[in-house]
Amino acid sequence: MRLHFKDSPSRRTALARLLAPAALALLPALASAQSYPDKPIRIIVPFAAGTATDTVTRLAAQQVSDALKQPVLVDNRPGANGAIGASAVAKAPADGYTLLVTTNTTQAANVSLLKSLPYDPQKDFAPVSLIGKGTFVLVTRPEAPYASLAEFVAYARANPGKVSYASSNSSGIVSGATLALKAQLDLIHVPYKSGPAAITETLGGQVSALFIDIQSALPQLRSGKLTALAVTTAQPHPLLPGVASLASAPGMAGFDLSYWIGVYAPAGTPPAVLRVLNQQFTQFTRSKEVVDRFADVGFMIEGSSGAALEQFTRSETGKWRDLIAAAGIEAQ
């Protein structure tokens with residue numbers, strides 16, 4: 001049996017009245033998306049100027065600005081393991097004019113490193129695109145009494161409590177803590193607000209060694225001002241031939257750590273705006289000039305969809321939780 005419903009002017013009027021509020025509520029978002037962007041875009045980097053994240057962001061900002069015909073400004077907000085900058089973006093209007101370019105530190109590791117986090121990495125952000133991945137390296141001064149990972153471990157064992165390592169983010173924190181725990185070394189951890197400051201102190205001899213991204217350390221490595229002791233990935237790095245993997249240290253078998261950089265907007269940003277942003281940032285990552293430029297300094301450019309970055313961020317949160325637990329690090 002079929003049921004037939006007769007339409008009528010009164011029924012259409014009632015339906016229109018029912019749907020009108022919802023339609024009106026969508027109008028500002030639709031209008032905003034169609035005109036986006038019509039003013040400058042601000043990218044907050046939760047780390048200091050001169051870091052790998054800052055360097056990549058500034059080049060991307062220039063290309064996105066050229067493409068969208070609007071200024072794209074980079075605003076460095078370092079501190080609290082990146083939480084200050086990330087929190088600022090989480091609380092910003094969800095209109096596409098405030099973005100976050102950040103790393104695994106704020107989006108995956110801080111959940112396990114910090115007891116109190118002023119933002120939720122999963123709920124407070126709309127993923128835009130991955131930008132790329134890189135490797136960390138343990139470096140020291142050429143004047144140090146060790147020139148290899150094996151010599152560093154031997155010296156630290158012979159001098160308990162006298163060897164220090166610096167870090168400025170989750171990658172350095174986890175790498176150093178894991179080495180100390182697994183190789184049974186009494187190392188002193190010296191945290192820094194930024195990578196450039198840590199490099200300066202390492203060059204000056206204030207700390208024994210430093211975990212830093214290859215991109216930031218490469219100028220000093222190539223000039224001979226710093227010596228590479230180990231990379232944090234399981235496989236050797238092509239730019240540092242002959243440098244051991246941290247996995248070769250006692251108790252470190254299987255250790256494999258890299259970092260990544262991604263772009264995020266505040267949660268609730270209109271999908272049409274996110275599509276524009278994804279298109280621009282992935283276009284940046286497909287540029288052969290950009291890929292070649294960063295390959296020369298040890299950073300692999302790689303874009304993604306927003307959905308892929310969301311899934312990747314979730315999986316990385318679990319990975320970093322396990323790494324932090326294995327290193328014996330307690331949330332502060």
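Which strands and which helix each supply at least two residues of the lining of the largest pocket? They are strand 5 (163–167), helix 6 and strand 6 (187–191).

## About the model

This is a predicted model, where local features need pLDDT of at least 70, side-chain atom pairs count only at pLDDT 80 or more, and totals for chains, interfaces and linings use all residues. Residues are numbered from 1 along each chain as its sequence is written, and side-chain values use heavy atoms, with hydrogens and water left out.

Helices (H or I, at least four residues) and strands (E, at least two) are DSSP runs, numbered from the N terminus.

## The largest pocket

On a 1 Å grid over the protein atoms alone, a pocket is an open set of points with protein on both sides within 12 Å along at least five of seven lines. A cavity is a set of points where a 1.4 Å probe fits but cannot get out. Lining residues have an atom within 4 Å of a point. Grid points are joined across faces, edges and corners, and a volume is the space filled by probe spheres set on the points.

The largest pocket holds about 360 Å³ of space. Its lining has 24 residues, and Asn-81, Ser-167, Ile-173, His-189 and Pro-191 lie nearest its centre. Helix 6 gives the most to this lining, with three residues. By class, the lining has 14 nonpolar, eight polar and two charged residues. Here Ala, Val, Leu, Ile, Met, Phe, Trp, Tyr, Cys and Pro count as nonpolar, Asp, Glu, Lys and Arg as charged, and the others, Gly among them, as polar.

## Helix 6 against helix 11

Helix 6 (residues 170–182) also meets helix 11 (residues 306–326): their axes come within 8 Å and cross at roughly 40°. That makes helix 6 oblique to helix 11. Axes are lines fitted to C-alpha atoms, for helices over the stretch in contact, and angles run from 0 to 180 degrees between N-to-C directions. Under 35 degrees is roughly parallel, over 145 roughly antiparallel, 65 to 115 roughly perpendicular, and the rest oblique.

In contact (heavy atoms within 4.5 Å), helix 6 uses residues including Val-174 and Leu-181, and helix 11 uses residues including Trp-320 and Leu-323.

## The largest cavity

About 190 Å³ of space lies in the largest cavity. Of its 19 lining residues, Phe-47, Thr-51, Thr-53, Asn-169 and Asp-213 are the closest to its centre. The lining divides into six nonpolar, eleven polar and two charged residues.
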